[in-house]
Amino acid sequence: MLNPAQVRAITLDLDDTLWPIMPTLERAEARLQSWLEAQAPATADQGRAPEHRRALRAEVTREHAAHAHDLSHLRREMITLALRRAGDDAALAEPAFEVFFAARQCVECYADALPALQRLAARYPLVSLSNGNADLHRVGLGAHFKAQVSAREAGVAKPDPRIFGLAAEVAGVAPHQVLHIGDDAMLDVLGALDAGMQTVWVNRERQDWVHAPRQPHLTVTDLHELCMVLGLPA
């Protein structure tokens, strides 16, 4: 059971907690494809086949396993490989990545996200904790956060306890004083439990919990519900 009196800081997942990630990535992929059609037509032509993109992603993931925690690195390498395989100029990889990355920051938050962030940030220091490569300031939410911790800068990804420990250190509190909020049962909840944190599972899809006997300290279907449990003023 959640103990609000113990909470001194909050760490917060981003993708699929504050906004749905798949529509965001689909828009970014479409924007990249449009740019490639103008700048690297052969690459764009090959990229129209989903199986081609899947094969490139699998190859890059396998060949760059040491960078599995760095999604920006993997995306750059995937674009570079696609350009080379198609016979286009590999020097286009960096501007192509920037096109994708900029579009990846154009998120559409869940309706409850921004009001909840305002309420949470009024009481607690917030630190984002993500395996993804969203940039809070480019997304437009940076003002609500004390800091952001990503797998890329930590060198490890959730559920590794070390990234949770780093986030607690950045927040300036001990791990047991942190409440971690996230949507992924394994990456967020089990990872935070292993790090000694309290946990909130944001279960928007009302899925069954399949990791008994371990349990999140609290399960909610949206962030409004969490704010009410914490007794935050509207």
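Ala 68 is partly exposed, with a relative accessible area of 48%, and in this predicted model the residue is found in the loop between helix α3, which spans residues 50-63, and helix α4, which spans residues 71-86. The value falls within the partly exposed class because only a relative accessible area over 50% counts as exposed, while one under 20% counts as buried. Between the C-alpha atoms of Ala 68 and Arg 123 the distance in space is 35 Å, for a separation of 55 residues along the sequence.

At the level of the whole chain, the secondary structure comprises eleven helices and six strands. The radius of gyration of the chain is 19 Å, which is close to the 17 Å given by the globule rule for 234 residues, so the chain is as compact as a globular protein of that length. Taken along the principal axes, the box filled by the C-alpha atoms has dimensions of roughly 60 × 35 × 35 Å. Of the 234 residues, 48% count as buried, and the accessible surface of the chain amounts to about 11000 Å², with 53% of that area belonging to carbon and sulfur atoms. When contacts between residues at least 6 apart in sequence are considered, 62% of them join residues that are at least 24 apart.

Two aromatic pairs are present in the structure. In one of these, Phe 97 and Phe 101 are stacked, with 5.4 Å from centre to centre and an angle of 20° between the planes; the planes count as stacked because the angle is under 30 degrees. Both phenylalanines belong to helix α5, which covers residues 93-104, and they are four residues apart, a spacing of about one turn of the helix.

Key. Residues are numbered from 1 along each chain as its sequence is written. This is a predicted model: local features need pLDDT of at least 70, side-chain atom pairs count only at pLDDT 80 or more; totals for chains, interfaces and linings use all residues. Side-chain values use heavy atoms; hydrogens and water are left out. Helices (H or I, at least four residues) and strands (E, at least two) are DSSP runs, numbered from the N terminus. Buried means under 20% relative accessible area, exposed over 50%, partly exposed in between (1.4 Å probe, protein chains only). The radius of gyration is taken over C-alpha atoms; the globule rule is 2.2 Å times the number of residues to the power 0.38. Contact means heavy atoms within 4.5 Å. Accessible areas come from the Shrake-Rupley method with a 1.4 Å probe; for residues, only the protein chains shown count as cover. Rings of Phe, Tyr and Trp (its six-membered ring) pair if their centres lie within 6.5 Å; planes under 30 degrees apart count as stacked, over 60 as edge-to-face and the rest as tilted.
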